[in-house]
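Please keep the sequence and the 3D view side by side as you read.

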Amino acid sequence: QGGVGLVLSKDEGGVVSVYDVQVNSSAAQTFSIFPGDKILSVGGEDIKGMTAEEVNGLIEGEEGTVVEIEVRPRGAKKGAEKCQLVRKMQQPTALKPSEETGESGSKQQEGAEAEAAEE
């Protein structure tokens, strides 16, 4: 499974947004998605009501394939931009200790780190 290098979080209002962009990732190399951008759809599928982990599941896919992510730039009240990103293997990302569990460690990019970002 490949990803595009996004770390997602879900706020109290249920909005999934970009928490961080991994260095040297597809997203970082295209300069098209930034921390604070709100995710609206992935592959044409509306993500409203989904968890950050579910959205990660839509973003991840076969390495070398393209995924289209629609975002609303941070601070914008309306409008959206569609970004096409190539999935590739990501380097593991070190996570900050979870405030809820006190656990820390390294997890593979995108798959499980949404859990830590959803706090």
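Buried means under 20% relative accessible area, exposed means over 50%, and partly exposed covers what lies in between. The model you are looking at is predicted.

With those cut-offs in hand, let's begin with V86, a residue of strand 6. Because its relative accessibility is 39%, V86 counts as partly exposed. Along the chain, V86 and S26 are 60 residues apart, yet their C-alpha atoms are separated by 6.1 Å. S26 is also one of the contacts of V86 once neighbours within four places in sequence are left aside; the others are G3, V4, G64, T65 and V66.

The largest nonpolar core has 20 residues, and the members that touch the most others are L6, L8, I33, I39, V55, I59 and I69. At least two residues of this core come from each of strand 1 (6-10), strand 2 (16-21), strand 3 (38-42), helix 2 (52-59), strand 5 (66-72) and strand 6 (81-86). In soluble globular proteins, nonpolar side chains tend to be buried together.

| Partner of strand 3 | Sense | Bridges |
|---|---|---|
| Strand 5 | antiparallel | four bridges |
| Strand 4 (residues 45-46) | antiparallel | two bridges |

On the strand 5 side, E70 stands opposite S41. On the strand 4 side, V42 has E45 as its bridge partner. Two residues lie between strand 3 and strand 4 in their hairpin, where G43 takes a positive phi near 60°.

Conventions. Residues numbered from 1 in each chain as written. Predicted model: local features only at pLDDT ≥ 70, side-chain atom pairs only at ≥ 80, totals over all residues. Heavy atoms only, no water. Core = buried A, V, L, I, M, F, W, Y, C linked by side-chain atoms within 4.5 Å. Buried < 20%, exposed > 50% of the residue type's maximum accessible area, 1.4 Å probe, protein only. Pairing = 2+ DSSP bridges. Contact = heavy atoms within 4.5 Å.
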